[in-house]
Amino acid sequence: MENVSVIHQLKPIFCLAACGNVIFFTLFCCLWRYIIKHQQAEQKISEQAAILNVINDAAIVSNLRYKITFWNKGAERLYGWKAEDILGKDIAELLYQQNSSQLEIALSTVIRQGEWEGELHQLRKNGEELIVVSRWVLLRDKQAQPKSIVIVNRLTPKQPLPAQLLRSQRLESIGTLASGIAHDLNNILSPILMAVQLLQMKTHDLQMQKVLNTLESNVKRGANLLKQVLSFARGIEGKKTIVQVRQLVWEIEQIVQQTFPKSIICQTNIPENLWYVSGDITQLHQVLMNLVINARDAMPHGGILKITADNVVLSRQGGHYISLSIEDTGLGIPAKIQKQIFEPFFSTKEVGKGTGLGLSTALSIIDNHGGFINVQSEEGKGTQFQVYLPALVSHTQQGNCVEIESTMGNQELILVVDDEAIIREITKSSLEAYNYQVLTARDGKEALSIYTKYQEQISVVLLDMMMPSMDGAIAIRKLQKINSQVKIIAMSGLLSEPDESAIANMGVKAFLSKPCTAQELVQTINTVNTHSYSQVLSVNL
């Protein structure tokens, strides 16, 4: 508007020029060119400012005394300050505070070299810390003297911190290692499990039975835990069954009483009519173990650990739930970090005493089960974790707590083929205890020789899938050439069960994962001998 008014004021001068006054005409032309140039400059500046406000990066101009002279919309979004509130303020006091040394280094470099680029640790208006990639360019005046600095900042790409990345790589390595040695680990667990069950059959001492029951439970838990590690490494979800939570809590209580310091008193209150849940029992066991171990660590000088459960109906969630409470009288969680405790890799423990994955894993597991976790804690007064899981109200069976019926054999002859001598011997002893006769072979070649000689008497071939010289798949094909109706139960310690179609294509009647119990083995043999092909597959997969 100012430019338009100036033009109107110059109209008389133009009229004079038209009358022949050359001096006034020349003066008008000079003024007109100045006005046009001034308008173009203003328009260019306006366009450039508009462009700077559109970009996502924070664009800032500061003089050499750190006073802010320009602050674009990107800077407003990144830092939280409006331009009208920030212009003229000291950039060092607002964005750096304790980290002003970084600013000094950047300033000296840009004055000396004309530009600087690097990472800066800064603060938002709300006090939140952030890391930006910053580029500085020095502007000079007409005398080539340093005048101001143009700064463009953007957030660094989101990526794990070096320590987190290292832990992630370590976890990946653990998964790869576990996959590689799974066969050997389960071959170690298999004879232990069967040996324990043999001892249970032969001893009548109640105290010894209690010890053997605990040993059996822990061997099974070790096998399930290995399966969970492999499932986690491969991204495979665990199988869900009907879980009797009361039994699960009882197992946790036994572990606490047997392994925790005597200064920690464990109290449980679990109602007889507690509902069931659908879930992965190994994962739920891991959640409870993480919570009770955290409670133990929070009570270094002893205290009370309470585990309680109840049936609840939550109107907001609109359903029936089981509430599991793990409460300690320990140190408590400081209020300032309570929101961080479920973050991956967050830990208040010393280096080497915790990965920071316990609670984040627990939360993930409970989320996958359709539940949620509440936390109440006061520093110095203890902590209570409440786990809520959707309940199966109408279910009356005991799910996976039901014992497999043990059926005695009738002197049938079983051929056990395995390259591990200890597995062959313990399997032979276990089957003989259940009234079976047993022949053993250390590899596929020996199995073919024995089967050729005794095929009329052999009822079932129990065959390990991974053996030297001749593996299980080749041995199966050669056995079928000898007898197309041969009954084979395949076994493997790799924990990756082949699918039903693959088993059907090989002609295998059933599949068992190592380690398995003697009862499971006997039940499978009985099923293979008395049921049809399709029924056997559905029972054992």
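User: Are Trp71 and Tyr79 buried or exposed?

Analyst: This is a predicted model, in which local features need pLDDT of at least 70, side-chain atom pairs count only at pLDDT 80 or more, and totals for chains, interfaces and linings use all residues. Residues are numbered from 1 along each chain as its sequence is written, and side-chain values use heavy atoms, with hydrogens and water left out. Buried means under 20% relative accessible area, exposed over 50%, and partly exposed in between (1.4 Å probe, protein chains only). By that scale, Trp71 and Tyr79 are both buried.

User: What kind of aromatic pair do Trp71 and Tyr79 form?

Analyst: Rings of Phe, Tyr and Trp (its six-membered ring) pair if their centres lie within 6.5 Å; planes under 30 degrees apart count as stacked, over 60 as edge-to-face and the rest as tilted. For Trp71 and Tyr79 the distance is 5.6 Å centre to centre, with 45° between the planes. The pair is therefore classed, under these limits, as tilted.

User: How many residues apart in sequence are the parts that the pair of Trp116 and Trp136 ties together?

Analyst: Trp116 and Trp136 form an edge-to-face pair, 5.8 Å centre to centre with 75° between the planes. Helices (H or I, at least four residues) and strands (E, at least two) are DSSP runs, numbered from the N terminus. Trp116 is buried at a relative accessible area of 14%, and Trp136 is buried at 2%. Trp116 belongs to strand β3 and Trp136 to strand β4, so the pair ties together parts whose separation in sequence is 20 residues.

User: In what order do the five strands of the open sheet lie?

Analyst: Two strands pair if DSSP finds at least two bridges between them. The edge strands, each pairing on one side only, are β2 (68–71) and β3 (115–123). The pairing in this open sheet is antiparallel, and the order is β2-β1-β5-β4-β3.

User: What is the relative accessible area of Ala144?

Analyst: Ala144 is placed in the loop between β4 and β5 (146–155). Its phi is positive, about 70°, although Ala144 is not a glycine. Ala144 is partly exposed, with a relative accessible area of 44%.

User: Which residue of β17 is the bridge partner of Ile489?

Analyst: Strand β16 (residues 488–492) pairs with β17 in the parallel sense over four bridges. In β17 (residues 510–513), Ala510 and Leu512 point one way, Phe511 and Ser513 point the other way, and all are buried. In a regular strand the side chains alternate between the two faces of the sheet. The bridge partner of Ile489 is Ala510.

User: How many disulfides does a search of the whole structure find?

Analyst: A disulfide is a pair of cysteine sulfur atoms within 2.5 Å. Cys266 is buried, with a relative accessible area of 16%, and Cys516 is buried at 2%. The number of disulfides found in the whole structure is zero.
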